[in-house]
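The following note concerns the charged side-chain pairs of the model shown below.

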Amino acid sequence: LDESKNQTAKEVEELKKQAAEEKAQAEKELEEKVQQTKELQESLATETKRADAAESEAAQFRDHLAQAKEAAMNASEALETLQSQAMAEIAAGKATIEDLQKQVGQQQLTLTTKDLELENEKARADLAETVVTTTQGELETAQLLTEKARAQLQGVRQELSAECAAAKAQLEIERKLAIESEETA
């Protein structure tokens, strides 16, 4: 029982160690993903500012276009060109923002997955502790039952020894009585 108990304790320690290592790895990966998400959010903020600036420039170009139409037809054509360039920049900025939003979404999904994996590892560690506790309880119960059985066996041995001694004494008395009876007869 002691050997089995020691083996079980070793296995439990190994399970705890493995769970702690997996937990540390998952936390490290989670921190890396959080850092990546922060970087993506900063990049998203920068791109949003660029898009806002591009939209502001587009508004300025439109104003300039209205003034240029009044001044001359050639100025109107130049402003239309500038406006189309600004719209292309806005579209590119919006596309970049959408891409970054998708990346942020993916990172958030990854973080959620890592959170679930971490919770799973915690549940495994809790289960291992429960198994250890149950096994220790079973070992203690088995030891108590063994000690009780030994005590009962010792009691039975003592009773049998006492009964054997009494039977021997009785036989000795009957033998002596039989010898005396034969001598008297």
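1. A residue is called buried when its relative accessible area is under 20%, exposed when it is over 50%, and partly exposed in between. R175, with a relative accessible area of 43%, is therefore partly exposed. The model is predicted.

2. The side chain of R175 forms a salt bridge with that of E172, at 2.4 Å from N to O. Both residues lie in helix α2, 3 residues apart, which amounts to about one helical turn. E172 is also partly exposed, at 30% relative accessibility.

3. A network is formed by E22, E121 and R124, which are joined by salt bridges that share partners. Within helix α2, E121 and R124 are 3 residues apart, about one turn of the helix. The closest N and O atoms of the E121 and R124 salt bridge are 3.2 Å apart. E121 is buried, with a relative accessible area of 12%, whereas R124 is partly exposed at 47%.

4. K114 and E29 form a salt bridge whose closest N and O atoms are 2.6 Å apart. K114 belongs to helix α2 (residues 73-184) and E29 to helix α1 (residues 2-71), so this pair ties together parts that are 85 residues apart in sequence. K114 is buried, at 15% relative accessibility, while E29 is partly exposed, with a relative accessible area of 24%.

5. As to the total, the structure holds 6 salt bridges; among them are the pair of K114 and E29 and the pair of R175 and E172.

Note on methods. Residues are numbered from 1 along each chain as its sequence is written. This is a predicted model: local features need pLDDT of at least 70, side-chain atom pairs count only at pLDDT 80 or more; totals for chains, interfaces and linings use all residues. Side-chain values use heavy atoms; hydrogens and water are left out. A salt bridge is a side-chain nitrogen of Lys or Arg within 4 Å of a carboxyl oxygen of Asp or Glu. Helices (H or I, at least four residues) and strands (E, at least two) are DSSP runs, numbered from the N terminus. Buried means under 20% relative accessible area, exposed over 50%, partly exposed in between (1.4 Å probe, protein chains only).
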